[in-house]
Amino acid sequence: MSATLELAAVTGDLKALGSIGYGLAAIGPGVGVGIVFGKGTEALARQPEAAGLIRANQILGFAFCEALALIGIVMPFVYGS
């Protein structure tokens, strides 16, 4: 019986560790989104006539950064117990 309790405690600790890990991993896409929009704003300030192309590239970069965060949210549900 005590082995089962110990296993449950370890499993709970691993789930908590996974949550902390995902929280730390979410920093990457957050920084990426900040860089995408910061550089896009700089580009718009330098070349306002290219606003359509710059905006399209911003949206594409944002989508790729957010995809990483969403994959990180989904993977524990796919491979978790």
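In which helix do Glu 42 and Lys 39 both lie, and how many residues apart are they? Both belong to helix H2 (residues 27-46), where they stand 3 residues apart, about one turn of the helix; helices here are DSSP runs (H or I, at least four residues), numbered from the N terminus.

This is a predicted model, in which local features need pLDDT of at least 70 and side-chain atom pairs count only at pLDDT 80 or more, while totals for chains, interfaces and linings use all residues. Residues are numbered from 1 along each chain as its sequence is written, and side-chain values use heavy atoms, with hydrogens and water left out.

The protein averages a pLDDT (the predictor's confidence in each residue, from 0 to 100) of 80, and 78% of the residues score at least 70.

| Helix | Mean pLDDT |
|---|---|
| H1 (residues 2-25), lowest | 64 |
| H2, highest | 92 |

Where pLDDT is low, the predicted coordinates should not be read in detail.

The whole structure holds 1 salt bridge, a side-chain nitrogen of Lys or Arg within 4 Å of a carboxyl oxygen of Asp or Glu. Glu 42 and Lys 39 form it, at 3.9 Å from N to O.

H2 also packs with helix H3 (residues 51-79) at an angle of about 175 degrees, their axes 9 Å apart. The contact (heavy atoms within 4.5 Å) includes Val 36 and Phe 37 of H2 and Phe 62 and Leu 68 of H3.

Technical notes. Helices (H or I, at least four residues) and strands (E, at least two) are DSSP runs, numbered from the N terminus. Axes are lines fitted to C-alpha atoms, for helices over the stretch in contact, and angles run from 0 to 180 degrees between N-to-C directions.
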